[in-house]
Amino acid sequence: MLLTITSSASPATDLSFLLHKNPDRVHEKELSFGLARVCYPEATAERCAAALIVDIDPVQLVRGRRGGPQGNGFSLSQYVNDRPYAVSSFMSVALNRLFSTAMTGRSKDRPELVDQPIPLTVRLPVLPCRGGERVLRGMFEPLGYHVVASEIPLDETFPEWGLRDR
């Protein structure tokens with residue numbers, strides 16, 4: 001799973017003070033379902049992007065369940081699924097664990113940044129949403145966000161399979 005937060009404010013690297021993460025290093029946290037890390041693929045005065053990458057371990061998810069695997073004892077569906085790719089509640093847990101200090105709305109090193117409006121772009125490449133774009137717009141546009149969304153085909157090689165279920 002991937003979430004990016006990009007700033008184009010000047011200087012854009014002020015984003016790192018708000019997120020409480022140094023852009024010169026990778027920040028990692030081991031979670032019960034995998035590993036989450038924050039890095040900055042781009043950190044210049046003109047543009048700064050922080051990326052939260054969550055690597056889900058499907059085997060750990062299955063083995064971590066109380067009582068072990070359900071069903072016949074071995075089912076590929078327990079291991080092969082979209083959990084490592086589509087944003088889910090696991091992303092919420094990772095956001096909380098890696099950005100808990102940022103969520104307090106304070107910046108120890110640059111307190112004046114908290115009250116300044118900063119243009120941000122948040123990107124979630126794969127986000128399952130029942131109800132599709134209409135629901136996303138209904139949730140975020142009343143809060144002042146601009147939403148751009150597009151449906152993803154189930155498999156580009158086989159367009160006759162249609163779009164992913166919502």
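Here are some questions and answers about this predicted model.

User: In what order do the helices and strands of the chain run from the N terminus on?
Analyst: Let's start with the parts list: the secondary structure comes to 4 helices and 5 strands. From the N terminus on, those elements run β-α-β-β-β-α-α-β-α.

User: Where is the peptide bond that is cis, and what is its omega?
Analyst: Look in the loop between strand E1 (2–7) and helix H1 (15–19), which is where Pro 11 lies. The bond leading from Ser 10 into Pro 11 is the cis one, with omega near -5 degrees.

User: How do the residues lining the second largest pocket divide into nonpolar, polar and charged?
Analyst: This pocket holds about 160 Å³ of space. His 20 turns up in its lining, and other lining residues include Phe 17, Pro 23, Lys 108 and Asp 109. The lining divides into 2 nonpolar, 5 polar and 3 charged.

User: Which residues are linked with Arg 110 in a network of salt bridges?
Analyst: Arg 110 pairs with Asp 14, their closest N and O atoms being 2.9 Å apart. That pair links distant parts of the chain, 96 residues apart: Arg 110 is in the loop between helix H3 (89–98) and E5, and Asp 14 is in the loop between E1 and H1. Arg 110 also forms a salt bridge with Glu 112, with 2.8 Å between the closest N and O atoms. The network partners of Arg 110 are therefore Asp 14 and Glu 112.

User: Is Asp 14 buried or exposed?
Analyst: The cut-off for buried is under 20% relative accessible area. Asp 14 has 8%, so Asp 14 is buried.

User: Which helix holds both Glu 133 and Arg 137?
Analyst: These two form a salt bridge, with the closest N and O atoms 2.6 Å apart. They are 4 residues apart, about one turn of the helix, and both lie in helix H4 (residues 132–140).

User: What is the accessible area of the nonpolar patch that includes Val 122?
Analyst: Val 122 is in strand E5 (residues 120–123). With 52% relative accessibility, Val 122 counts as exposed. The patch is formed by Leu 120, Val 122, Leu 124 and Leu 127, and their accessible area together is about 320 Å².

Notes
Residues numbered from 1 in each chain as written. Predicted model: local features only at pLDDT ≥ 70, side-chain atom pairs only at ≥ 80, totals over all residues. Heavy atoms only, no water. Patch = residues over 30% accessible without salt bridge, like charges linked within 9 Å, V, L, I, M, F, W, Y side chains within 5 Å. Areas by Shrake-Rupley, 256 points an atom, 1.4 Å probe, with all protein chains shown as cover. Salt bridge = Lys/Arg side-chain N within 4 Å of Asp/Glu carboxyl O. Helix = DSSP H or I, 4+ residues; strand = E, 2+ residues; numbered from the N terminus. Buried < 20%, exposed > 50% of the residue type's maximum accessible area, 1.4 Å probe, protein only. 1 Å grid on protein atoms, 1.4 Å probe; cavity = no way out; pocket = protein on both sides within 12 Å on 5 of 7 lines; lining within 4 Å. Points joined across faces, edges and corners; volume = space filled by probe spheres on them. Nonpolar A, V, L, I, M, F, W, Y, C, P; charged D, E, K, R; others polar.
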